[in-house]
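Here is a short note to read alongside the model. Please keep the structure open as you go through the points.

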Amino acid sequence: MAPAVPLALLALVALLAPGLGVAFPGCDYPAHLWCSSPEIAVACQAESRCANLSRPAAAPVELSLFYESLCPACRWFLVQELFTAWLLLPAEVLSITLVPYGNAEVGTGPSRCRGRSPQCRRPCSDRLVPQERNVSGKWQFQCQHGPEECLGNMIETCLMHEAKNFSTYFPVIFCLESGSSVTKNLEACLQVYAPQLDGGRIAACVQGDTGAALMHRNAQLTAALDPPHEYVPWIVINGKHTDELQEQAQASLLGLICRLYQ
């Protein structure tokens, strides 16, 4: 009688020798095809041996930043954390949405901020006025840090509208937020980072109905936040905002994104 051949040896022979049959029920493919597709590798229980089969691409981490153009904490987070993470991470890892609008009500007193990188909180006052009002069919806005902030929000919103592509407009917004003036440096920032964009078209958007309509959309997006925002910057990651996510993002956004990306 011929000696018995161990099953492990048969499986190894089937894997290494093309056309010598199959080793597992449900695997109707010769061994040389086991790594030809993820489905066949699973059927033949050969995934660990198929180094050529790459993992399906993970979905990017989605981050939405609700901010005000002149809020010190917003500027710090955008410049120090968000822009740095965007530069270092591949495009498929991080998807960013910027919503420059801010706190939905404006108090008669100064805004309240706190900490080394102060969060610009919604004001506490007995006299609050809506930031957005419709006057004779036209949207008008008041902002926590005054008219200059409204203008900065509008400039960045119109810049995004005209540029369309995130990789085109984000460096310009970084330039504005990291510079001496958000509202006065547009032409200089465009010249350095996006000379192909027409500053005149952005100015026309800011001064016309298009800019007001875009700001109204930002107001609606901000009002729809769940839970409602209490301060800015307000960071939403993969559709969720929690105190823990906010703290982690402000402490080390790059580390947080790397932990979440799977």
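**Notes on the fold**

1. The protein has 9 helices and 9 strands. Both are DSSP runs numbered from the N terminus: helices are H or I with at least four residues, strands are E with at least two. This is a predicted model, where local features need pLDDT of at least 70 and side-chain atom pairs count only at pLDDT 80 or more, while totals for chains, interfaces and linings use all residues. Residues are numbered from 1 along each chain as its sequence is written, and side-chain values use heavy atoms, with hydrogens and water left out.

2. Start with the open sheet. It has 3 strands in the order β2-β1-β9, with mixed pairing. Two strands pair if DSSP finds at least two bridges between them. At the edges are β2 (94–100) and β9 (234–237), each pairing on one side only. Neighbouring strands here are turned by 15 degrees against each other on average, direction ignored. Axes are lines fitted to C-alpha atoms, for helices over the stretch in contact, and angles run from 0 to 180 degrees between N-to-C directions.

3. Strand β1 (residues 61–67) runs parallel to β2, and 7 bridges join the two. V61 has L94 as its bridge partner in β2. Helix α3 (residues 72–88) packs on the sheet and touches β1, β2 and β9. Its direction makes about 160 degrees with that of β1. Contact means heavy atoms within 4.5 Å. Helix α4 (residues 147–163) lies across β1 and β2, at about 135 degrees to β2.

4. How many salt bridges are there? The count comes to 2, taking a side-chain nitrogen of Lys or Arg within 4 Å of a carboxyl oxygen of Asp or Glu. One joins E177 to R75, with the closest N and O atoms 3.4 Å apart. E177 lies in helix α5 (residues 166–178) and R75 in helix α3, so the pair ties together parts 102 residues apart in sequence. Both E177 and R75 are buried. Buried means under 20% relative accessible area, exposed over 50%, and partly exposed in between (1.4 Å probe, protein chains only).

5. R201 forms a salt bridge with E162, the closest N and O atoms being 2.9 Å apart. R201 sits in helix α7 (residues 199–207) and E162 in helix α4, so this pair ties together parts 39 residues apart in sequence.

6. The largest nonpolar core has 54 residues, and L65, L82 and L98 have the most contacts inside it. Such a core is a set of buried Ala, Val, Leu, Ile, Met, Phe, Trp, Tyr and Cys residues joined through side-chain atoms within 4.5 Å. Beyond its neighbours within four places in sequence, L82 is in contact with L63, L65, F77, I96, L98, F170 and L253. Another core, of 8 residues, lies apart; C27, W34, C44 and C50 are among them.

7. The whole structure holds 8 aromatic pairs. Rings of Phe, Tyr and Trp (its six-membered ring) pair if their centres lie within 6.5 Å; planes under 30 degrees apart are stacked, over 60 edge-to-face, the rest tilted. The rings of W86 and F170 have centres 5.3 Å apart and planes at 80 degrees, so the pair is edge-to-face. W86 is in helix α3 and F170 in helix α5, 84 residues apart. F83, W86, F166, Y169, F170 and F174 form one aromatic cluster.

8. Finally, two overall figures. Buried residues make up 44% of the 262 residues. Of the contacts with a separation of 6 or more, 61% are between residues 24 or more positions apart.
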